[in-house]
Amino acid sequence: MIRLNDIIERVNAYLYLSDADVELLKKAYVYSAKVHAGQTRSSGEPYLSHPLEVSWILAEMKLDVSSIVTGFLHDTVEDTLATTEEIETLFGSEIAFLVDGVTKISQLPYTTKIERQAEGFRKLILATAKDIRVVLIKLADRLHNMRTLEHLREEQQKSIAKETFDIYAPLAHRLGISWVTQELEDLSFKFLNPGEYQKLSKLITDKREEWEQHVDEIKALIGSKLAEFDINAEVTGRFKHIYGIYRKMQTQNLEFDSVYDVIAFRIITGSLRECYEALGAVHSAWKPVPGRFKDYIALPKGNGYQSLHTTVIGPFGERMEIQIRTREMHNVAEYGVASHWKYKEGRLDGGGTEIYTTLRHLLEWKDIKDPTEYMEAIKGELISDVVYVFTPRGDLMELPSGATPVDFAYAVHTEVGNRCMRAIVSGKLVPLSHQLKTGDAVEIVTANDKHPNRDWLKFVVTSRAKTKIRAWLRNEERTQSEIVGKSICERKFKQHGLDFHAMLKNGELADALAEFKLKDEKELYLAVGYGKISANDFLKRVLPTEKLDSAPEKELRIEKIIRTITGTSESGVLINGYNDVMIRFANCCSPLPGEPITGYITRGKGITIHKNDCPRLLDVDDARRIDVEWDSGFKAQRPARIVVQCVDRPGILSNITSSFSSSDINISKAEIHSTDVDTAVGTFDVVVTDLAQLENVMKSIKQVEGVRSVERMLEWERQ
């Protein structure tokens with residue numbers, strides 16, 4: 001276990017601690033030991049080991065004393081009887097703010113996991129916007145938790161690893177902290193795909209000795225070539241991290257032996273001029289591979305990364321990746337935002353401007369209420385692969401890889417996106433779905449009568465574009481539904497000789513609105529327009545029964561369409577305690593009994609049932625959503641799809657199908673195919689009674705020897 005003195009020595013090496021600093025660190029350590037006394041981690045270790053390790057990681061980032069102190073204290077408010085007020089009294093307002101910023105919101109009554117996750121991350125980003133150290137402390141906390149994840153239950157491992165892979169690793173990348181990014185990716189990969197991780201780890205271990213010898217030879221050759229040009233530089237060689245190798249194998253469909261740049265070499269020079277001189281020296285020795293040169297010095301990445309990248313045909317005929325940068329650039333590449341920290345001053349210097357831009361973008365989504373939409377927006381902002389394009393004025397703009405002219409238009413301004421008519425890329429007219437490439441010059445032509453199209457959601461990739469398009473579509477749908485609902489109400493009241501608007505004005509409808517929990521007439525229009533309530537039901541609260549029963553005029557066609565949602569269906573879903581409505585289940589998420597669900601009203605098709613976290617719900621106006629629940633007394637079978645990755649050997653398919661039969665589950669369809677020499681993937685369409693039965697059979701399949709992974713696949717994940 002890391003000791004207090006180890007941390008003090010590490011911090012003193014770059015900060016030159018005063019006596020007061022040392023006393024503050026000791027005081028925080030003693031306080032943490034006191035309040036965590038008797039607590040243990042899942043591994044059985046004393047809980048104090050965790051804050052010590054977190055403080056050590058922060059020292060590796062070379063952060064200031066307040067950050068290291070917060071490392072000792074970061075869990076005190078959440079996991080002990082300590083309070084923020086007590087922390088402020090003992091350690092000051094600055095440290096109290098940092099501790100509160102990284103404290104989870106577990107005390108609040110959030111009903112779903114995605115809601116808790118969204119609100120926790122929202123709080124983190126809001127605190128980070130005030131002080132960048134909050135997110136660095138959170139990353140250190142997450143990194144140590146990932147290092148000890150094997151002590152948790154498998155379901156917890158998967159859940160935490162998925163969150164880490166989707167959010168915290170990309171966040172570390174956007175903040176430019178490469179070593180944290182790579183370790184978080186590798187650890188997430190280890191728990192999300194243990195079979196592939198172990199297989200790749202063994203292949204790397206078997207080749208390591210050969211690689212290390214190769215590295216030494218190449219370093220010597222590069223060093224001698226630089227000496228010829230009178231360039232004094234440090235040459236290092238590094239192995240690409242495990243997930244980096246796996247990602248390259250997957251994206252380029254390569255076998256392990258075909259991944260040519262497992263080893264990358266770095267040349268660290270003393271000046272900017274020597275970077276380009278070193279590039280010339282390398283290219284004079286070995287032929288560069290066309291199209292593989294990137295100048296991130298002239299065009300830095302959004303996280304501040306700068307370096308020259310080139311790939312050459314090396315001395316043994318193999319492709320060799322070489323990165324060239326100054327010492328300062330190297331520090332930024334390794335430590336990102338932390339390399340800009342001005343100790344004692346509590347701020348970032350000018351080099352952190354790009355990183356604050358990232359934080360501002362994350363902050364833009366703080367007002368999104370739907371937790372699923374919020375998390376999707378955050379993940380979209382954290383996409384790491386980017387392209388660089390030019391505006392008509394020559395300004396450089398960074399967009400995610402795969403971005404389209406529509407994404408570009410919304411990045412310029414919301415109204416440019418909403419009125420986008422066509423796009424001209426590098427002088428040529430292109431479809432709005434055209435994928436932009438680095439170096440493209442993009443011009444958007446707008447028109448006042450043009451509006452967003454729902455089909456745009458199929459190809460845009462930025463969070464901004466998706467959110468703005470959905471907002472426009474929902475607003476348009478709401479406007480139209482208000483018009484429909486208002487028309488129906490006016491006509492229904494007129495059929496009975498009533499003046500709807502006069503009754504609204506003089507307050508005669510106030511009690512009826514309150515009974516339906518409607519704030520005003522607009523909510524009434526929406527409820528009627530969407531079919532959540534009928535105008536007849538509303539009239540029943542206003543007219544005597546005998547008058548309501550008098551023959552009305554023929555109902556409108558739109559009323560007939562809306563009324564179809566009251567058809568009957570045996571579905572196993574209750575709506576407001578009744579089961580006499582037309583129900584259909586969404587194919588995109590295939591909800592199973594036992595999963596939290598939401599319904600939304602679809603004219604002419606009744607109520608569609610989705611999982612609460614289904615991304616398709618993001619396109620739906622909240623006014624169309626309706627509370628639903630499973631009927632616990634109803635038994636039915638629902639479809640599900642399971643994907644199994646396993647060793648390709650005789651007999652394993654029989655063992656897998658035996659797991660289904662022993663769980664009393666029928667297979668309606670099965671497809672098996674080989675992906676490489678010893679790996680096969682099986683897709684099984686089955687019918688189950690509920691989520692518990694599906695999870696049990698997946699657990700059973702995982703126990704089959706040779707099975708590497710078992711996952712449930714949803715329709716939206718395949719699109």
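I looked up the buried residues of α17 first. They are P371, T372, E373, Y374, M375, A377, I378, G380 and E381. Buried means under 20% relative accessible area with a 1.4 Å probe, counting protein chains only. Helix α17 spans residues 371–381, and nine of its 11 residues are buried. Helices are DSSP runs of H or I with at least four residues, strands are runs of E with at least two, and both are numbered from the N terminus.

I noted the ground rules. This is a predicted model, in which local features need pLDDT of at least 70, side-chain atom pairs count only at pLDDT 80 or more, and totals for chains, interfaces and linings use all residues. Residues are numbered from 1 along each chain as its sequence is written, and side-chain values use heavy atoms, with hydrogens and water left out.

Next I checked what α17 packs on. Its axis and that of helix α20 (residues 463–495) come within 8 Å and cross at roughly 150°. Axes are lines fitted to C-alpha atoms, for helices over the stretch in contact, and angles run from 0 to 180 degrees between N-to-C directions. From α17, E373, E376, A377, G380 and E381 take part; from α20, S463, K466, T467, R470 and R474 do. I sorted this contact by class: one nonpolar, three polar and six charged residues. Ala, Val, Leu, Ile, Met, Phe, Trp, Tyr, Cys and Pro count as nonpolar, Asp, Glu, Lys and Arg as charged, and the others, Gly among them, as polar.

Then I followed F121. Beyond neighbours within four places in sequence, F121 is in contact (heavy atoms within 4.5 Å) with I167, Y168, L171, Y374, M375 and I378.

Which residues have the most contacts inside the largest nonpolar core? They are M61, L73, F121 and L175, in a core of 74 residues. Helix α9 (residues 133–147) gives the largest share, eight residues. A nonpolar core is a set of buried Ala, Val, Leu, Ile, Met, Phe, Trp, Tyr and Cys residues joined through side-chain atoms within 4.5 Å. Another core lies apart from it, with 35 residues, including I222 and M320.

I also looked at α11 (residues 178–192) and α12 (residues 194–228). Their axes are 5 Å apart, at an angle of about 120°. The two helices are therefore oblique to each other. D186, F189, K190, F191 and L192 of α11 meet P194, E196, Y197 and L200 of α12. This contact has six nonpolar, no polar and three charged residues.

Last, the totals. I logged 28 helices and 22 strands. Of the 719 residues, 50% count as buried.

Definitions and conventions: Angles under 35 degrees count as roughly parallel, over 145 as roughly antiparallel, 65 to 115 as roughly perpendicular and the rest as oblique.
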